[in-house]
Amino acid sequence: MRQQRKKLSDVITEQLESMILDGTLLAGQKLPPERELALEFDVSRPSLREAIGNLQARGLVERKQGGGTFVNRNLNSAMTDPIMDLVSQRPETQFDLLEFRHALEGMAAYYAALRGQPEDYEALKQALNDVPTPKAHESKRAQAEALGQFYIIM
């Protein structure tokens with residue numbers, strides 16, 4: 001059985017995506033010019049352009065005509081879509097996600113309480129107050145976004 005090699009642009013896409021996810025490239029940050037990135041990755045500019053196009057299609061970067069390429073300021077929505085796709089395609093993964101959240105959220109709350117400052121507690125109270133109560137007419141998306149903000153502050 002012959003093993004398929006990855007396209008060079010896919011390899012670059014993965015490397016740039018990792019740099020965004022690990023914080024090497026921050027939300028809102030301008031990427032270096034194409035020629036610099038091409039030299040850094042030792043690739044052709046067309047391969048690099050294709051990789052940046054892949055990132056743009058995933059919502060991780062934005063191109064501004066004449067202004068360059070920037071890491072998307074709203075990374076939260078770009079990164080949650082793949083999780084939602086996974087859960088919708090394979091419903092059994094929702095239990096894995098719930099188990100993961102159960103473990104992670106307990107530890108996060110513990111360390112937040114242990115290390116928090118008065119202004120942190122106030123920010124948490126405000127974020128929690130901003131979470132809409134579950135009602136039939138309330139948008140589930142609004143609830144999810146408010147909870148997301150709460151977890152980011154935590």
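What share of the 154 residues in the protein is buried? Buried residues make up 23% of them, where buried means under 20% relative accessible area, with a 1.4 Å probe and protein chains only.

A quick word on the ground rules. This is a predicted model, so local features need pLDDT of at least 70 and side-chain atom pairs count only at pLDDT 80 or more, while totals for chains, interfaces and linings use all residues. Residues are numbered from 1 along each chain as its sequence is written, and side-chain values use heavy atoms, with hydrogens and water left out.

On to the fold. The protein has seven helices and two strands, in the sequence order α-α-α-β-β-α-α-α-α. Both kinds of element are DSSP runs numbered from the N terminus: helices are H or I with at least four residues, strands are E with at least two.

| Element | Residues |
|---|---|
| Strand E1 | residues 61-64 |
| Strand E2 | residues 68-71 |
| Helix H1 | residues 8-21 |

E1 and E2 run antiparallel and are joined by four bridges; DSSP has to find at least two bridges for strands to pair. Glu 62 sits opposite Phe 70 in E2. The two strands make a hairpin with three residues between them, and Gly 66 in the turn has a positive phi of about 75°.

Now for Thr 13, which is found in helix H1. Thr 13 is buried, with a relative accessible area of 1%. Leaving aside residues up to four places away in sequence, Thr 13 touches Ala 51, Asn 54, Leu 55 and Arg 58; contact means heavy atoms within 4.5 Å.

Zooming out, among contacts between residues at least 6 apart in sequence, 50% join residues at least 24 apart.

Definitions and conventions. Buried < 20%, exposed > 50% of the residue type's maximum accessible area, 1.4 Å probe, protein only.
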